Amino acid sequence: MSNKGNLFLIPSSISPNTQDAIVPPKVRDSLQAIRYFLAEDIRTARRYLGSLKLYEKIDALTFEVLNKDTKEGDLAALFKPAFAGNNLGVLSESGCPGIADPGALAVRFAHQNAIKVIPLVGPSAIFLALMASGLNGQRFAFHGYLPIQRKEAVRAIRDLERESKLKNQTQIFIETPYRNNQFLANLVQELMPETLLCVALDITGENESIRTDLVGSWRAQTIELSKNPAVFLFLA
């Protein structure tokens, strides 16, 4: 029998306005047995756990950084608590660990070292957007960020639109909020008029807006997106 701790994948809120509204009882129960955490940003992780009011003292918890700069060689040290028999939790900065998130690095290490991985239920902006889009939820692909340079972005959009039409596949993207409008403009200008385009903005937040329409209809309007996190989806 293994004396190693388990690795828990802990969802966090997508919007700061829903800090504790999306935390199911099982997540709360699991958290009470965890004292060691890996997080993208320790400050926001402490704030999030503090908002749940599960711990007598947040200072009694131990946090280490796991982010995009973490190397594979760093993981053995980060997993010392688990090797010593303690449960270890991975907190995403937004949504579910391991989905568009560096938590996948920790999960892979856990599998390689026979540490049990336990995913907990929580919100994912990517999947909530797909659910609400009305686009193909049977066949889809998440592409993360497109290239910043317009020429490369245009080439990627056209290539992925062809793939979407060929495979009947929903294509999903995210973008840095301050580039939302430029990204939308690229999609509206380059996609075919009959392609369906969905923009899901500030999901679960106070300014949530989800709209799916033909690209031709998007072109007929002047749209100004807020600088909130957004998910973009299209289906040719």
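The largest pocket of this predicted model holds about 870 Å³ of space. A pocket here is an open set of points on a 1 Å grid over the protein atoms alone, where a 1.4 Å probe fits, with protein on both sides within 12 Å along at least five of seven lines. Its volume is the space filled by probe spheres set on the points, which are joined across faces, edges and corners. The lining comprises 34 residues, each with an atom within 4 Å of a point. Ile-14, Glu-93, Ser-94, Gly-95 and Pro-229 lie nearest the pocket centre. Two or more lining residues come from each of H2, helix H6 (125-133), strand E7 (170-175) and strand E10 (230-235). H2 gives the largest share, four residues. Helices (H or I, at least four residues) and strands (E, at least two) are DSSP runs, numbered from the N terminus.

Two residues other than glycine have positive phi. Lys-53, at about 55 degrees, sits in the loop between helix H2 (42-51) and strand E3 (62-65). For Thr-204, phi is near 70 degrees. Thr-204 belongs to the loop between strand E8 (196-201) and strand E9 (209-214). Its relative accessible area is 26%, so Thr-204 is partly exposed.

Residues are numbered from 1 along each chain as its sequence is written. Local features need pLDDT of at least 70, side-chain atom pairs count only at pLDDT 80 or more, and totals for chains, interfaces and linings use all residues, while side-chain values use heavy atoms, without hydrogens and water.

Key: Buried means under 20% relative accessible area, exposed over 50%, partly exposed in between (1.4 Å probe, protein chains only).
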